[in-house]
Amino acid sequence: MLKQFAAAASLVAILAGAAQAEPVKVGMITTLSGGGAGLGIDARDGFMLAVKQAGNKDLEVIIEDDQRKPDVAVQLADKMIQSDKVDVLTGIIWSNLAMAVVPSVTAQGKFYLSPNAGPSALAGKGCHPNYFSVAYQNDNLHEAAGAYAKEAGFKKSFILAPNYPAGKDSLTGYKRYYDGELAGEIYTKLGQTDYAAEIAQIRASGADSVFFFLPGGMGISFLKQYADSGVGLPVVGPAFSFDQGILQAVGDAALGVKNTSQWSKDIDNDANKAFVESFQAEYGRLPSLYAAQGFDTANLLLSAMAKADVTDADGFRAALEAADFPSVRGKFSFGPNHHPIQDIYVREVIKEGDVYTNKIVGTALTDHGDAYSAECKM
């Protein structure tokens with residue numbers, strides 16, 4: 001499947017309305033190999049499903065693998081802008097790559113639609129009229145976890161995350177809404193797989209709960225080792241560590257864990273029901289948060305293409321700002337810094353037959369924006 005996408009990536013396309021002078025060219029730079037590849041594959045597959053469903057030929061998608069390396073991502077972005085002449089870029093999963101790529105992209109007059117990474121530096125003073133975060137601002141799901149921990153009565157959380165922009169945003173977000181004591185705060189190495197030392201610190205800390213943000217394979221490693229350790233403290237986290245692709249690898253160790261997300265497969269609206277069903281039919285697996293975000297990103301782009309030509313930057317920007325598409329999340333709009341305003345849910349890990357998944361058990365934050373929009377001066 002991956003090789004087929006890579007070979008056919010430059011063929012695909014779409015539109016549901018207004019005539020474009022030329023096909024819109026999208027450069028998708030995402031992680032398709034190495035650690036974290038599952039996240040990029042899901043974002044790509046969700047995006048391309050929306051492209052396929054739209055069924056027109058006014059959009060061309062060029063897909064490249066950033067290998068989770070900032071220098072590779074920068075080289076690919078420069079190639080896409082200067083040689084491939086793309087109009088819009090998207091796809092980056094990791095915030096350190098976004099920080100390396102997005103400012104250069106927007107400085108060259110191109111639009112960037114983020115299907116995942118939402119670093120605080122790009123939400124506040126570093127905001128730009130051509131940058132849209134379609135997923136969240138990095139702090140958001142962690143803020144919701146902090147709000148849940150407070151409501152659950154936790155008084156002494158031990159918190160940990162990788163040492164990169166999204167990791168720092170995650171702990172900042174958790175602490176913004178959690179008002180208890182911290183039993184410990186650790187930044188781990190990005191890509192780390194052995195957490196014996198951190199788990200020993202948790203055991204000795206006197207904590208009553210653990211909050212962690214460890215996306216992809218990092219979360220799988222931590223959860224398995226944590227379960228084997230017998231520490232047994234309640235765990236809270238954002239969806240990234242309890243998402244569909246991760247849960248199958250973690251297994252029973254994740255059952256019952258509460259996690260926060262702006263999307264879940266059981267959100268009750270027509271767009272989401274159709275998305276979950278069609279994604280499963282197309283790819284033979286349940287969609288993840290990353291797939292849902294990729295799907296929404298493509299449909300946002302399509303909605304703007306139906307209203308304005310991409311060569312009319314002001315008109316196209318206004319069409320993106322309108323967010324006139326049926327989001328799988330239901331309510332969805334952009335704040336003044338082009339970051340989402342949306343509900344964030346509390347989910348619980350469950351097992352349906354042989355499949356580990358999540359169900360919504362509450363709402364942590366309603367119509368939630370971000371803490372940095374006041375710093376954005378566009």
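A search of the whole structure turns up 19 salt bridges. By salt bridge I mean a side-chain nitrogen of Lys or Arg within 4 Å of a carboxyl oxygen of Asp or Glu. One of them joins Lys-52 and Glu-282, at 3.0 Å from N to O. That pair links distant parts of the chain: Lys-52 sits in helix H2 (residues 37-54), Glu-282 in helix H10 (residues 270-283), and 230 residues separate them. Helices here are DSSP runs of H or I, at least four residues, numbered from the N terminus.

Ground rules. This is a predicted model: local features need pLDDT of at least 70, side-chain atom pairs count only at pLDDT 80 or more, and totals for chains, interfaces and linings use all residues. Numbering runs from 1 along each chain as its sequence is written, and side-chain values use heavy atoms, with hydrogens and water left out.

Confidence next. pLDDT is the predictor's confidence in each residue, from 0 to 100. The chain averages 93, and 94% of the residues score at least 70. Residues 1-20 stay under 50. Where pLDDT is low, predicted coordinates should not be read in detail.

Now the domains. Domain 1 covers 24-136 + 267-338, and domain 2 covers 140-261 + 344-374. The bounds come from an automatic or database assignment. Their C-alpha centres lie 25 Å apart.

How do they meet? In domain 1, 22 residues contact 25 residues of domain 2, contact being heavy atoms within 4.5 Å. The two domains bury about 1800 Å², 64% of it on carbon and sulfur atoms. That is accessible area (1.4 Å probe) lost on being put together, summed over both parts.

On the domain 1 side, helix H4 (95-107) and helix H11 (289-305) are the elements giving two or more residues.
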